[in-house]
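Here are my notes on this model, as numbered points. Please read them with the structure open.

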Amino acid sequence: MVRDVVVFPDRRLKRVCVPVGTPGPAARRLARDLIDTAASFPRTTGIAAPQVGELWRMCFIDCTGNPRVPDPLGPVVMVDPVLTHYAGDEVGREGCLSLPQVTANVQRGTEIGVRYLDPEGRRHEVVASGFEARVILHEMDHLDGILILDRVRSLSLDVFPRVRRSGRQRGKGGTSRHG
Ligand SMILES: [Zn+2]
């Protein structure tokens, strides 16, 4: 089910989300809603549970088809994700479904490892790099109530009004929304 996206300055976006633990039917329903809601926005590479108003540690990422990710993990729901590795340092432009009017320059790691459960409760550990690592770190930030505006070095120099890009196709220029 496509859910309404919570937008800044809604206070739910600033909360630290609680662990899911063992995913049950409600967690699997939320996973499907995250997938459906992400799919309803073009060029979206991810979404986190608090963005649909659910304060659980769960997010969905999918960089499939993004030219900056040659070997994507594919669509992945991450339940209770934890970083196992973090290295590198790069500034890149990010958008966010919950901040529809702006993009921002955010400093992130470039090589990460993540451990998580899938909605069926199976354990996984993956590595990601570059843009895909950025997407995962953006979504994991949401689970701790951290937005891109909290990550910029300067609110005046690193935040930009979002340019309308009507008529452009997915992946052809423009800034992806990281969810
Ligand atoms: Zn976001």
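How many residues lie between E4 and E5 in their hairpin? The count is six; point 4 takes up this part of the fold.

1. Basis. The model is predicted: local features need pLDDT of at least 70, side-chain atom pairs count only at pLDDT 80 or more, and totals for chains, interfaces and linings use all residues. Residues are numbered from 1 along each chain as its sequence is written.

2. Overall form. The protein has three helices and eight strands. Helices (H or I, at least four residues) and strands (E, at least two) are DSSP runs, numbered from the N terminus. The order of elements from the N terminus is α-β-β-β-β-β-β-β-α-α-β. The C-alpha trace spans about 40 × 35 × 30 Å along its principal axes. Among contacts between residues at least 6 apart in sequence, 70% join residues at least 24 apart. A contact here means C-beta atoms, placed from the backbone, within 7 Å.

3. Five strands make an open sheet, in the order E1-E2-E3-E6-E7, with antiparallel pairing. Strands pair if DSSP finds at least two bridges between them. E1 and E7 (123-129) are the edge strands, each pairing on one side only. From one strand to the next, the twist averages 35 degrees. Four bridges link E2 and E3 in the antiparallel sense. Ile61 stands opposite Val76 in E3. H1 packs on the sheet and touches E1, E2 and E3; its direction makes about 35 degrees with that of E2. H2 also packs on the sheet, touching E1, E2, E3, E6 and E7, and its direction makes about 155 degrees with that of E2. Axes are lines fitted to C-alpha atoms, for helices over the stretch in contact, and angles run from 0 to 180 degrees between N-to-C directions.

4. The other strands. E4 (residues 90-95) pairs with E5 in the antiparallel sense over six bridges. Within this hairpin, Glu94 stands opposite Ala104 in E5. E5 is also joined to E8 (residues 159-161) by three bridges, again antiparallel. Phe160 in E8 is the bridge partner of Thr103.

5. Core. Of the 179 residues, 38% count as buried. Buried means 20 or more other C-beta atoms within 10 Å of a residue's own, exposed means 12 or fewer, and partly exposed is in between; C-beta atoms are placed from the backbone. The largest nonpolar core holds 41 residues, and Leu34, Ala49, Met58, Cys59 and Ile136 touch the most other members. H2 gives the most to this core, with seven residues. Such a core is a set of buried Ala, Val, Leu, Ile, Met, Phe, Trp, Tyr and Cys residues joined through C-beta atoms within 7 Å. Beyond its neighbours within four places in sequence, Met58 is in contact with residues including Leu34, Ala49 and Val79.

6. Helix H2. H2 has 14 residues, 13 of them buried. Its first and last C-alpha atoms lie 21 Å apart, close to the 20 Å expected at 1.5 Å a residue. That expected span is 1.5 Å times one less than the number of residues. Gly145 follows H2 and has a positive phi, near 75 degrees.

7. Backbone to check. Most residues other than glycine have a negative phi, and most peptide bonds are trans. Phe8 and Pro9 are joined by a cis peptide bond, with omega about 5 degrees. Pro9 is in the segment before H1. Arg43 is not a glycine, yet its phi is positive, about 65 degrees. Arg43 lies in the loop between H1 and E1, and counts as partly exposed because it has 18 C-beta neighbours inside 10 Å. Asp80, in strand E3, has a positive phi near 50 degrees. Asp80 is partly exposed, with 19 other C-beta atoms within 10 Å.

8. An exposed loop residue. Ser154 lies in the loop between H3 (148-151) and E8. Why is Ser154 exposed? Ser154 has 9 other C-beta atoms within 10 Å, so it counts as exposed. The C-alpha atoms of Ser154 and Arg57 are separated by 28 Å; the two residues are 97 apart along the chain.

Terms used:
Contact = placed C-beta atoms within 7 Å.
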